[in-house]
Amino acid sequence: MDTNIILIIVIAVVVGIVSFFISSAMARRAAHDKIDEAAKEAERLIAEAKKESEIKKKEAQLEAREEWMKLKSEFEKEATAKRRELETTEKRLSDLEASLQKKISTLEVREREFEKRDKALQTREKGIELREAELEEIISNQNVKLQKIAQMTPEEAKKQLMDNMLATARVEAAQYIKEIKEKAEAEADKEAKEIILSSIYRCAADHTVETTVSVVNLPSDEMKGRIIGREGRNIRSFETATGIDVIVDDTPEAVILSGYDPVRREIARMALEKLITDGRIHPTRIEEVVEKSKKEMDVIVREAGEQACFELGVHGLHPDIVHMLGKLHFRTSYGQNVLAHSKEVAMLCGLMAAELELDGALAKRCGLLHDIGKAIDRETEGTHTQIGAEFVRRYREAESVINAIESHHGDVPMVGPYPVLVQAADAISGARPGARREPLEAYIKRLQQLEELADSFKGVSKAYAIQAGREIRVIVEHDVLDDLATSILASDIAEKIEREMQYPGQIKVTVVRETRVTEYAR
């Protein structure tokens with residue numbers, strides 16, 4: 001029993017030992033297998049790592065090559081630019097060097113020329129010194145001879161020379177004084193002229209030239225007989241009612257109304273046109289139409305005055321003054337419409353007052369009313385300045401306005417700046433080219449007086465008044481007057497014209513001195 005147990009134990013031990021050795025062998029086998037697998041995995045990983053490193057190495061090499069190529073390209077571009085810049089600089093330096101070389105050559109040539117000139121000048125100076133010595137000796141000998149010939153001492157000769165020099169100096173001094181005077185007058189009047197010119201340029205007023213007749217057109221020449229009437233009764237009634245002469249002549253399809261009063265002439269024109277249109281022409285109808293035309297004329301006159309005040313912005317005038325202003329629309333002075341002239345004077349006064357920082361409204365009022373007496377002077381005695389001043393004084397106008405009216409022609413002293421503005425504006429408006437018209441006799445007389453005045457000076461050959469009397473052209477004898485005397489003559493003629501003549505605007509004096517030689521070839 002015990003043997004079996006021992007045998008079992010031995011067997012069990014042997015089995016255990018065998019199992020141990022078998023399991024150990026199997027474990028070693030498994031361990032070897034794992035080691036082999038691990039080795040293979042390690043070899044695989046190493047191979048992959050080597051492959052990846054090779055790829056990265058190649059990529060790095062490619063990137064490095066690209067960067068190198070990029071840097072090389074940039075370097076080559078920069079080097080090319082630098083090379084071009086150096087070439088340009090070299091070319092510029094070469095051109096500059098050539099230019100400098102050329103200038104140096106030119107300077108050398110000039111220097112040689114200057115040296116030659118210097119030598120020539122030195123030679124000339126020596127010759128001049130010798131000639132001066134000779135001239136001094138000749139002058140000394142001539143002075144001795146002159147003393148013998150003239151029988152004058154040096155002191156007497158000096159005195160005569162001084163007298164001649166004084167005469168020449170007087171002429172030069174006269175010319176110098178004339179220049180100084182003109183300059184002073186120009187500077188003194190500069191500001192006033194600027195103000196006046198500015199006002200003239202800003203005031204562009206139209207001028208209308210009126211006549212003493214009006215022409216009424218007829219539908220046919222048969223109407224002339226109806227206007228005359230049986231035994232002339234119609235024309236007599238018309239002339240009696242209007243105070244205007246009716247001239248029926250050979251003018252086709254027209255009659256002429258003649259009268260010095262423009263208001264009456266306008267009433268007659270309106271009435272005659274109405275009668276012609278109506279066709280009923282007889283004494284009773286004529287009186288009715290004339291009365292109706294007078295009433296219409298009153299309305300027209302008042303509207304003309306109101307329109308003038310509205311255009312100028314002059315307010316607060318008495319209705320009678322406004323009505324009298326309207327009458328100026330039908331009054332002329334030297335062919336110039338008086339209302340248009342008054343409006344222009346008012347505008348000029350306002351513009352000049354604004355430049356001088358004065359009351360523009362008051363200045364316009366003075367300018368507008370300055371000739372209002374011309375609307376009344378046919379009805380009362382006295383000058384238009386006196387009549388106008390008395391008329392506006394009745395309506396309590398300001399003293400500055402009254403003084404401007406009665407002093408703008410110098411009849412009474414001026415008080416304050418506004419009469420001065422009115423006088424200046426009145427002269428500007430009247431002297432504007434085309435504004436006024438002179439009678440033929442006065443015009444011819446003025447031209448003759450102008451030519452006679454110029455002919456009165458010594459040395460004048462002929463004088464011609466041209467440009468409608470706005471210029472006098474004077475021809476002088478060239479062997480009597482020299483250029484300086486000619487200049488003095490022009491000034492003297494201008495001064496005499498200013499002193500002895502009255503004229504609108506200004507007169508230009510042109511003195512001509514010339515030498516003409518004529519020969520004939522035969």
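Modeller: Before we start, a residue is called buried under 20% relative accessible area, exposed over 50% and partly exposed in between, with a 1.4 Å probe and protein chains only as cover.

Biologist: Okay, and what kind of model is this?

Modeller: This is a predicted model, in which local features need pLDDT of at least 70 and side-chain atom pairs count only at pLDDT 80 or more, while totals for chains, interfaces and linings use all residues. Residues are numbered from 1 along each chain as its sequence is written, and side-chain values use heavy atoms, with hydrogens and water left out.

Biologist: So is E357 buried or exposed?

Modeller: E357 counts as exposed because its relative accessibility is 73%.

Biologist: Where does E357 lie?

Modeller: E357 lies in the loop between α8 (338-355) and α9 (360-369), where helices are DSSP runs of H or I with at least four residues, numbered from the N terminus, and strands are runs of E with at least two. The phi of E357 is near 60°, which is a positive value in a residue other than glycine.

Biologist: What about R396, what is its phi?

Modeller: R396 also is not a glycine, and its phi is positive, at about 60°. R396 sits in the loop between α10 (384-394) and α11, and R396 counts as exposed because its relative accessible area is 79%.

Biologist: Moving on to α11, how many of its residues are buried?

Modeller: Seven of the nine residues of α11 are buried, so that helix is mostly covered; among them are V401, I402 and I405.

Biologist: And S407, is it buried or exposed?

Modeller: S407, which belongs to helix α11 (residues 399-407), counts as buried because its relative accessibility is 0%. A polar atom of the S407 side chain lies 2.5 Å from the backbone oxygen of N403.

Biologist: Changing topic, which residues form the negative surface patch?

Modeller: The negative surface patch is formed by E108, E111, E115, D118, E125, E129, E132 and E136. Patch residues have over 30% relative accessible area and no salt bridge, with like charges joined within 9 Å and nonpolar side chains (Val, Leu, Ile, Met, Phe, Trp, Tyr) within 5 Å; a salt bridge is a side-chain nitrogen of Lys or Arg within 4 Å of a carboxyl oxygen of Asp or Glu. E108 is in helix α1 (residues 2-150), and E108 counts as partly exposed because its relative accessibility is 40%.

Biologist: Which residues make the nonpolar patch?

Modeller: I5, I9, V13, I17, F20 and F21 make a nonpolar surface patch of about 580 Å². V13 is found in helix α1.

How values were computed: Accessible areas come from the Shrake-Rupley method with a 1.4 Å probe; for residues, only the protein chains shown count as cover. Lys and Arg count as positive and Asp and Glu as negative; His and the chain ends are not counted. The place of a charge is taken as NZ of Lys, CZ of Arg, CG of Asp or CD of Glu. A polar contact is a pair of N or O atoms within 3.5 Å; within protein, one must be able to donate a hydrogen and the other to accept it, and residues adjacent in sequence count only if both atoms are side-chain atoms.
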